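Me: Please take a close look at one strand in this model. Then place it beside the contact between the chains.

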Number of protein chains: 2
Amino acid sequence: MSEAVLIYAASSHDSNLLYKTRFQAGDPIVYIEAGGKNMLVLNDLELGRGKSEAKVDEVVSMSLVEKELKDAGNAKPTVADIIVRVLEQRGADRVIVPGSFPLEMADQLRGKGVALTYRKDPFYPERTVKTEEELGHIKESIRFTEEAYARAEKTLRETEIRGNELWWQGAPLTSERLRKVIDLFLFENSLLADHTIVAGGEQGVDPHCRGFGPLRPHQPIILDVFPKNLKTGYVADMTRTWVKGKATAEVKRMDAAVKAACETAFRTIKAGVESTDVHKAVQKTIEDLGFKTETIDGKPQGFFHGTGHGIGLDVHESPGMGKRGAPLKAGMVVTVEPGLYYPGHGGVRIEDDVLVTKDGCTNLCTYHKTLEIP
Amino acid sequence: MSEAVLIYAASSHDSNLLYKTRFQAGDPIVYIEAGGKNMLVLNDLELGRGKSEAKVDEVVSMSLVEKELKDAGNAKPTVADIIVRVLEQRGADRVIVPGSFPLEMADQLRGKGVALTYRKDPFYPERTVKTEEELGHIKESIRFTEEAYARAEKTLRETEIRGNELWWQGAPLTSERLRKVIDLFLFENSLLADHTIVAGGEQGVDPHCRGFGPLRPHQPIILDVFPKNLKTGYVADMTRTWVKGKATAEVKRMDAAVKAACETAFRTIKAGVESTDVHKAVQKTIEDLGFKTETIDGKPQGFFHGTGHGIGLDVHESPGMGKRGAPLKAGMVVTVEPGLYYPGHGGVRIEDDVLVTKDGCTNLCTYHKTLEIP
């Protein structure tokens with residue numbers, strides 16, 4: 001008997017499954033690696049599509065296994081029964097699942113005597129190092145994202161400052177309108193960006209605030225765009241901070257510090273380096289430039305998130321590059337995204353995606369980082 | 001001591017969590033119901049947004065709990081430690097989680113002595129019965145979806161038949177181009193449809209085939225559109241089958257049978273009725289009209305899926321209306337979507353969304369069901 005890998009998830013929400021099968025499914029499907037082969041066990045609705053689209057060694061008909069079980073006296077076989085049967089047929093008596101594996105199925109399988117344990121993330125460590133093909137997909141997503149920034153910048157350049165208001169095409173420019181310029185261009189090109197951040201002024205102090213309402217002149221506006229290519233599944237993740245009009249002296253100082261922090265990361269990232277050490281170097285650059293990170297009245301301020309994270313089929317994947325991390329390897333693609341956030345001033349964050357190499361890193365993003373947009 | 005409810009998930013992928021908090025989060029967050037209150041435990045990145053946006057009684061700062069644990073001697077508290085601490089503080093010693101709860105967290109909590117069990121779907125049975133507000137959101141999604149069908153129909157009417165080809169705006173009409181007409185209109189109106197089916201001819205025989213390549217005249221084209229409103233989270237789910245040109249006699253017969261099956265469902269659906277009985281009645285209508293459901297050469301054909309399912313924050317939610325089901329209740333919104341699929345002829349499926357009432361049901365969809373588009 002031997003060990004098997006089992007995933008039970010919708011591949012549309014489970015990148016490990018998508019990575020191994022390249023098969024898009026919106027409802028949970030059964031994936032098994034056993035006896036040197038990998039396979040999907042699919043119901044009649046997915047069977048035909050699975051046979052033609054899935055990149056697996058075998059596609060097993062769930063209804064055929066169900067019939068076998070019924071013939072053997074099980075009147076109402078469950079999906080768990082079907083999984084147990086397939087595992088037995090493949091000689092597997094132990095099962096490894098991802099940490100995200102659903103408890104209900106785990107408890108059912110354990111109840112049927114399956115020795116089931118989870119493996120911590122990264123479940124497939126090979127996912128962290130990108131193949132040439134994967135790198136090409138990421139670069140393509142970055143190109144479209146940069147084109148979306150160009151559309152947003154054009155919009156901001158066309159925008160008129162009227163006192164404390166911004167006007168574009170006959171109406172106040174809002175986070176929602178600027179976001180639509182970005183998201184719609186991406187969607188037209190088959191990239192889905194459904195949580196794009198366009199957060200101005202105080203809203204930018206909260207790094208996950210999506211932004212809403214009228215944007216204002218002379219205040220930093222954070223634009224964080226992380227679309228998924230609906231054809232390839234691969235993402236880009238970029239951030240720029242822009243001021244329409246004139247930035248204050250303090251925001252200019254914050255911007256300079258964030259750019260210096262980016263440069264520290266670019267200099268430090270290299271195969272073999274611990275990603276946590278990159279983060280520490282970035283934190284030191286920011287501290288050395290006089291910016292404190294602390295919690296005041298329960299509100300964190302300064303630089304209080306990680307320096308970056310891996311990207312690929314997920315926007316956030318291994319390795320982390322913050323308090324927790326991993327040794328960097330050539331072929332990893334990670335974000336570099338230091339930020340500074342102070343109530344009364346706003347937020348400044350800049351984010352590029354870089355490829356880790358033997359000797360350092362290559363920045364895959366080329367879009368300019370000029371703060372002020374006239 | 002008492003029982004608590006615990007969810008650990010990203011609300012962007014977990015509708016139970018979104019239902020209870022109305023808080024959008026792309027990474028896993030901690031949700032707890034204990035001592036008569038519900039709360040989110042959020043890290044510093046989400047804290048500010050959570051306090052202003054989440055519809056919960058309390059937002060707990062994860063970093064404050066972490067600090068308490070460190071002060072008490074735990075040098076590196078995990079998220080599981082933090083959950084245990086919050087549960088203790090609220091006097092909970094037993095925990096109920098959804099079946100989808102991640103095994104890794106479940107095993108960690110059980111390892112720390114938490115009595116943790118899952119509850120089967122529907123986790124919140126009250127989700128199946130829609131409030132007036134939820135119904136309004138679903139109706140809004142349906143209106144946009146019907147407007148998208150109008151755009152698609154206009155496209156097909158503008159399309160020219162040239163022999164065995166369809167031409168639109170100077171190029172062959174493909175599944176991809178017709179899908180883009182639908183998806184782009186929806187996205188412009190803040191509805192996300194990222195798996196729209198436009199499957200013609202043989203492709204339509206596989207109910208989950210999304211469709212690709214040139215569409216052909218005189219063949220059925222299945223258009224299944226199920227967008228999510230990005231503002232409200234609520235979906236619509238509709239299907240129409242169209243033939244550009246003239247349908248064959250057999251496809252007309254299939255279309256008539258599917259429409260009769262819809263009518264059977266509309267007549268049968270009513271509060272108090274078992275949804276499985278609706279499905280049986282629909283199956284009988286189709287059989288009585290001479291259409292067989294069987295598997296030939298490993299390929300299922302006929303009517304081999306359920307009659308429908310609940311919709312709401314998810315495209316597929318309770319109650320099911322197929323082999324498995326539940327008693328229907330007034331206020332449920334379910335799809336009615338019989339279909340027939342035969343190699344050599346193609347597929348015909350028609351799908352509306354209906355509101356279950358005390359006396360029957362109300363069809364929320366008004367778009368016509370004419371088969372042939374001239």
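Reply: Here is the strand, then the contact.

This is a predicted model: local features need pLDDT of at least 70, side-chain atom pairs count only at pLDDT 80 or more, and totals for chains, interfaces and linings use all residues. Residues are numbered from 1 along each chain as its sequence is written, while chains are lettered from A and ligands numbered from 1 in the order in which they are written.

Start with strand 12 of chain B, residues 220-225. Helices (H or I, at least four residues) and strands (E, at least two) are DSSP runs, numbered from the N terminus. Six of the six residues in strand 12 of chain B are buried. Buried means that 20 or more other C-beta atoms, placed from the backbone, lie within 10 Å of the residue's own. One side carries B:Pro220, B:Ile222 and B:Asp224. The other carries B:Ile221, B:Leu223 and B:Val225. Both faces are covered.

Now the pairing, which requires at least two DSSP bridges between two strands. Strand 12 of chain B runs antiparallel to strand 11 of chain B (residues 197-200), over four bridges. There, B:Ile222 is the bridge partner of B:Ala199. Strand 12 of chain B also pairs with strand 14 of chain B (residues 238-244), again antiparallel, over six bridges. In that pairing, B:Ile221 bridges to B:Trp242.

Next, the contact between chains. Chain A and chain B contribute 36 residues each. Contact here means C-beta atoms, placed from the backbone, within 7 Å. On the chain B side, helix 2 (44-53), helix 5 (103-111), helix 7 (175-188) and strand 16 (299-301) each supply at least two residues. Helix 2 of chain B gives the largest share, five residues.

Key. Two residues are in contact if their C-beta atoms, placed from the backbone, lie within 7 Å. A residue is buried if 20 or more other C-beta atoms lie within 10 Å of its own, exposed if 12 or fewer, and partly exposed in between; C-beta atoms are placed from the backbone.
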